[in-house]
Amino acid sequence: MKTAVFPGSFDPFTKGHEELVKRAIPLFDKIIIAIGSNSQKKYLFSLEQRMEWINEVFKKDDSVIVEAYEGLTAHYCQKVGAEYLLRGLRNASDFDYEKTISQLNSIVGGGLETIFLISEPQYSHFSSTIVREIIKGGGDATPFLPEGMKI
Ligand code: ADP
């Protein structure tokens, strides 16, 4: 069974995240969208709210599940028996950052492989940070969110 963990903060989940998971569905038997909790980080949306949104987006996709975890992503993958990490690449700065993290995860996770999907051009400027800024500024973030997701 090929299991991939897609780790992130998803604060909030965007159309960019959705598109990435949809493209990964045919590649894996199971995808765990894993919301990492970092006590140093302050989130705009509660963990419960973020999980609810993602569950709604993938309610018809049986191979996609949502979980929360604390601690190292590599340890979480070992715990759930996942051999792959899924990450998205939007641009060169994502690449620089992700390259280091994936090399570290391979060591800490005993050969854990990171699979990267390059974002579709129409979503490469989408980020949770931008969505949070729009919301904080009182704007409408709907175009950046999965269909039907209301903030
Ligand atoms: P983190 O806090 O770990 O950066 P994010 O929730 O911001 O978590 O992102 C999780 C993953 O989703 C990362 O691999 C990121 O590159 C990817 N991602 C975010 N936005 C997009 C997008 N628009 N297109 C493709 N991948 C994306």
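**View 1. Phenylalanine 10 in the loop between E1 and H1.** Phenylalanine 10 is placed in the loop between E1 and H1; helices (H or I, at least four residues) and strands (E, at least two) are DSSP runs, numbered from the N terminus. The model is predicted: local features need pLDDT of at least 70, side-chain atom pairs count only at pLDDT 80 or more, and totals for chains, interfaces and linings use all residues. Residues are numbered from 1 along each chain as its sequence is written, and side-chain values use heavy atoms, with hydrogens and water left out. Phenylalanine 10 has a phi near 50°, a positive value in a residue other than glycine. Its relative accessible area is 3%, so phenylalanine 10 is buried (under 20% relative accessible area, with a 1.4 Å probe and protein chains only).

**View 2. The peptide bond between aspartate 11 and proline 12.** This bond is cis, with omega about 0°. Proline 12 also belongs to the loop between E1 and H1. Most residues other than glycine have a negative phi, and most peptide bonds are trans.

View 3. A backbone N or O atom of glycine 88 lies 2.7 Å from a ligand oxygen atom. For arginine 87, a polar side-chain atom lies 3.1 Å from an oxygen atom of the ligand. A backbone N or O atom of phenylalanine 126 is 3.0 Å from a nitrogen atom of the ligand.

**View 4. Elements around the ligand.** Two or more residues of the shell around the ligand come from each of strand E1 (3-8), helix H1 (15-24), strand E4 (84-89) and helix H4 (92-108).

Note on methods. A polar contact is a pair of N or O atoms within 3.5 Å; within protein, one must be able to donate a hydrogen and the other to accept it, and residues adjacent in sequence count only if both atoms are side-chain atoms. Buried means under 20% relative accessible area, exposed over 50%, partly exposed in between (1.4 Å probe, protein chains only).
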